[in-house]
Amino acid sequence: LGSPVTYGNPNTEGITWVDVEVTTKNDAKILDATLSSTTAVDLDFELRTVDGVVLDDSGESNANEHVAARVKPNTKYILRVKGFTNGPSDFKIVSDQYLPEGSPNANVAGTITPGAPGGGGSSPTGIVKMVLRFTVNPLTKTVVAKIIQ
């Protein structure tokens, strides 16, 4: 991960975050990332565009978080790790990029090609299986979908 820069949010005193930049392959379809820590009590995790748009976020009450979203090829994205009730803590991010079958990037570390050996099992061509959580708020008339796996 190199030496990511740690920031402090002047609008929310006491909260800090670390941004880790990821660039997608030239045929990436989905970016999927999992955060874990052996020392943190609670971390939160976001997948953002470089201009700050949040594509997915995870705010469980522990340090194990997961984000995923459809992405554009050859594009930089930010994985933001946010502290909550921690002092200095370690963390690990494992990120995968889902590629179309027959991708020249197949078998490259951090990539998964559905249907390819070692690349996500026996999913039919062009189909990526995932579990979504839908939250419906009848008061605001909004529906939010979040990728769980």
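## Strand 3 and its partners

In this predicted model, 7 bridges join strand 3 to strand 8 (residues 92–98), and the two strands run antiparallel. Strand 3 also pairs with strand 6 (residues 65–70), again in the antiparallel sense, over 6 bridges.

## Overall make-up

The protein chain contains 11 strands and 0 helices. Its pattern along the sequence is accordingly β-β-β-β-β-β-β-β-β-β-β. Of the 149 residues in the chain, 36% are buried. The accessible surface comes to about 9,000 Å², and carbon and sulfur atoms account for 53% of that area.

Taking the contacts between residues at least 6 apart in sequence, 55% link residues that are at least 24 apart.

## The nonpolar core

The largest nonpolar core has 20 residues, and the members that touch the most others are Phe45, Leu47, Leu79 and Ile93. At least two core residues come from each of strand 2 (16–23), strand 3, strand 4 (43–49), strand 6 and strand 7 (76–83). In soluble globular proteins, nonpolar side chains tend to be buried together.

Isoleucine 93 illustrates the packing. Beyond its neighbours within four places in sequence, isoleucine 93 is in contact with Val20, Ala33, Thr34, Leu35, Phe45, Leu79 and Val81. Phe45 and Leu79, both on that contact list, are also among the core members that touch the most others.

## Serine 37

Serine 37 sits in the loop between strand 3 and strand 4. Its relative accessible area is 16%, which is under the 20% cut-off, so serine 37 counts as buried.

The side chain of serine 37 makes two polar contacts with backbone atoms: one with the backbone oxygen of aspartate 90 at 2.5 Å, the other with the backbone nitrogen of alanine 40 at 2.9 Å. Leaving aside residues within four places in sequence, the contacts of serine 37 are Leu43, Ala63, Asn64, Ser89, Asp90 and Phe91.

## Serine 58

Serine 58 belongs to strand 5 (residues 54–58). With a relative accessibility of 5%, serine 58 counts as buried.

A polar contact of 2.3 Å connects the side chain of serine 58 with the side chain of glutamate 65. The side chain of serine 58 also reaches the backbone nitrogen of histidine 66, at 3.4 Å. Not counting residues up to four places away in sequence, serine 58 touches Asp44, Phe45, Glu65, His66, Val67 and Lys146. Phe45, one of these contacts, is a member of the largest nonpolar core.

## Confidence

The mean pLDDT of the protein chain is 76, and 68% of the residues score at least 70. Confidence is highest in strand 6, at a mean of 94, and lowest in strand 1 (residues 6–8), at 47.

Two stretches have pLDDT below 50. One is residues 1–7, with 14 contacts in the model beyond near neighbours in sequence. The other is residues 117–127, for which the model likewise gives 14 contacts beyond near neighbours in sequence.

Note on methods. Residues are numbered from 1 along each chain as its sequence is written. This is a predicted model: local features need pLDDT of at least 70, side-chain atom pairs count only at pLDDT 80 or more; totals for chains, interfaces and linings use all residues. Side-chain values use heavy atoms; hydrogens and water are left out. Two strands pair if DSSP finds at least two bridges between them. Helices (H or I, at least four residues) and strands (E, at least two) are DSSP runs, numbered from the N terminus. Buried means under 20% relative accessible area, exposed over 50%, partly exposed in between (1.4 Å probe, protein chains only). A polar contact is a pair of N or O atoms within 3.5 Å; within protein, one must be able to donate a hydrogen and the other to accept it, and residues adjacent in sequence count only if both atoms are side-chain atoms. Contact means heavy atoms within 4.5 Å. Accessible areas come from the Shrake-Rupley method with a 1.4 Å probe; for residues, only the protein chains shown count as cover. A nonpolar core is a set of buried Ala, Val, Leu, Ile, Met, Phe, Trp, Tyr and Cys residues joined through side-chain atoms within 4.5 Å. pLDDT is the predictor's confidence in each residue, from 0 to 100.
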